[in-house]
Amino acid sequence: MFRGVFATAAVVTVLAAVPASADEVPGPVDLGTLPGGLTSVGLRVTYHGTVFGEAYDAAFHQHAARWDAAGRISELRPLDGYDTVTAVAINEAGVAIGNSMATVLAGRATRWDASGVPAALPLLPGFPYHPSTEAAAINDHGVIAGFAYGAPGPDTAVRWETDGTVTELGFGRVRAMNEAGAVIGWRFDTPLYWDPAGNLVEMTGARVLADIDDAGTAVGSAGSHAAKWDSAGHLTVLDTTWAASSALAITADGTIFGEVTGKDGTTRVARWDPAGRLLVLPTPDGAPSRFTAVSPAGVVLGELDWTKSVVWTTAGELSVLPLPPVENASCHGYGLTDWEVTGSCSAPGRNSHAVLWKLGEPVGS
């Protein structure tokens, strides 16, 4: 059993800046739908400008979709014998993963390369035999992690290697994976951490593991407070000053992002720098906010008052993502890079469309 270590001398700062005006972010750009389809949503965007998400075809089947940097859409169809697709992730090489579904209880983890042709990821060999699989994460090496399910036996976490082999990690489901192939997940209510060799590491005091960086540091919560663990499972509690807190993401420099909740129940987006100093990101009049995602450089995407999608710059400046010029429109952001956000917008009587907001120009452009 590893001994937990509490963070010491953590400095708490609450920013109280006036939010930047929404017109500083142009857009959104409507990315459209599949031919004959009515609905689409952008879920991820790469640094090459590729947007990945979901769209309904003319037969009202949900498929994955990929938009290139020029905004051209291509359909990512399910495997033969399956009807729909749930989109999961895309890496910087443009390789996309998702799940071809026949029913809500039967699916196959699916990979699409640049050609857009679906390929089934191999089933787990041996016992227990699971007839279904689900993809959960892909890294930039092309390694994919997910799980196999279906009788007999509990769900089994797996990693699909680039050489086509399947590594059985153990009973459980996968949440995230880093570039080295370390995987976090859970089994029932127990958080799990597998190192790159596939060994299960005991995580002291963990209640939830939410993300992992390339150094092998996992973040989540221990009890009701945000925490991190090193690759050996040693615990550091990040905060005990708020009624509750949770760590939800970590960037390459060790900065951690998540949420804190006050005694009045108000939740705010927060970040911890590598030294453990807590910064609560500003909202007008202390309005509640929720964390959605963070870019590698630390640009944060979230929601304000449960209704407005917003971004905070690395300096903590807040901008509301603008709505389309349609009465009573609403938008939600889901994924971002340092200079683009993707999501969807809709209005009463209109279907939801995938959209893209431009936060600025790429560095060096």
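## Terms and model

The model is predicted. Its average pLDDT is 90, and 92% of the residues score at least 70. Over residues 1–23, however, the pLDDT is below 50, although this stretch has 45 contacts in the model beyond near neighbours in sequence. Where pLDDT is low, the predicted coordinates should not be read in detail.

## The chain as a whole

The secondary structure of the protein chain consists of 33 strands and 0 helices. The radius of gyration is 21 Å, close to the 21 Å that the globule rule gives for 365 residues, so the chain is as compact as a globular protein of that length. Along the principal axes, the C-alpha trace spans about 60 × 55 × 40 Å.

Of the 365 residues, 51% are buried. Taking contacts between residues at least 6 apart in sequence, 39% join residues at least 24 apart.

## Surface and charge

The accessible surface of the protein chain is about 16,100 Å², and carbon and sulfur atoms account for 55% of that surface. The chain carries 38 negative and 21 positive side chains. The centres of these two sets lie 4 Å apart.

V310 belongs to strand β29, which covers residues 308–312. Is V310 buried or exposed? V310 has a relative accessible area of 0%, so it counts as buried, the cut-off for this class being under 20%. Not counting residues up to four places away in sequence, V310 touches V300, L301, G302, E303 and L304, and also L318, S319, V320 and L321. S246 is 64 residues from V310 along the chain, and the C-alpha atoms of these two residues are separated by 20 Å.

R44 lies in strand β4, residues 40–45. With a relative accessible area of 36%, R44 is partly exposed. Leaving aside neighbours within four places in sequence, R44 is in contact with T50, V51, F52, V88, I90, Y334 and T342. R44 and A180 are 136 residues apart in sequence, and their C-alpha atoms are 21 Å apart in space.

From P288 to R268 is 20 residues in sequence and 5.5 Å in space, C-alpha to C-alpha.

P196 is found in the loop between β18 (190–194) and β19 (208–212). The relative accessible area of P196 is 40%, so this residue is partly exposed. Setting aside neighbours within four places in sequence, the contacts of P196 are R159, A180, G181 and A182. V183 is 13 residues from P196 along the chain, and 7.4 Å separates the C-alpha atoms of the two.

## Backbone details

G27 and P28 are joined by a cis peptide bond, with omega at about 5°. P28 sits in the loop between β2 (12–14) and β3 (29–32).

F60 is a residue other than glycine with a positive phi, near 65°. The loop between β5 (51–56) and β6 (62–67) holds F60, and at 60% relative accessibility F60 counts as exposed. N328 is not a glycine, yet it has a positive phi of about 60°. N328 is located in the loop between β30 (318–320) and β31 (330–336). Its relative accessible area is 58%, so N328 is exposed, the cut-off for that class being over 50%.

Definitions and conventions:
Residues are numbered from 1 along each chain as its sequence is written. This is a predicted model: local features need pLDDT of at least 70, side-chain atom pairs count only at pLDDT 80 or more; totals for chains, interfaces and linings use all residues. Side-chain values use heavy atoms; hydrogens and water are left out. Helices (H or I, at least four residues) and strands (E, at least two) are DSSP runs, numbered from the N terminus. The radius of gyration is taken over C-alpha atoms; the globule rule is 2.2 Å times the number of residues to the power 0.38. Buried means under 20% relative accessible area, exposed over 50%, partly exposed in between (1.4 Å probe, protein chains only). Contact means heavy atoms within 4.5 Å. Accessible areas come from the Shrake-Rupley method with a 1.4 Å probe; for residues, only the protein chains shown count as cover. Lys and Arg count as positive and Asp and Glu as negative; His and the chain ends are not counted. The place of a charge is taken as NZ of Lys, CZ of Arg, CG of Asp or CD of Glu. pLDDT is the predictor's confidence in each residue, from 0 to 100.
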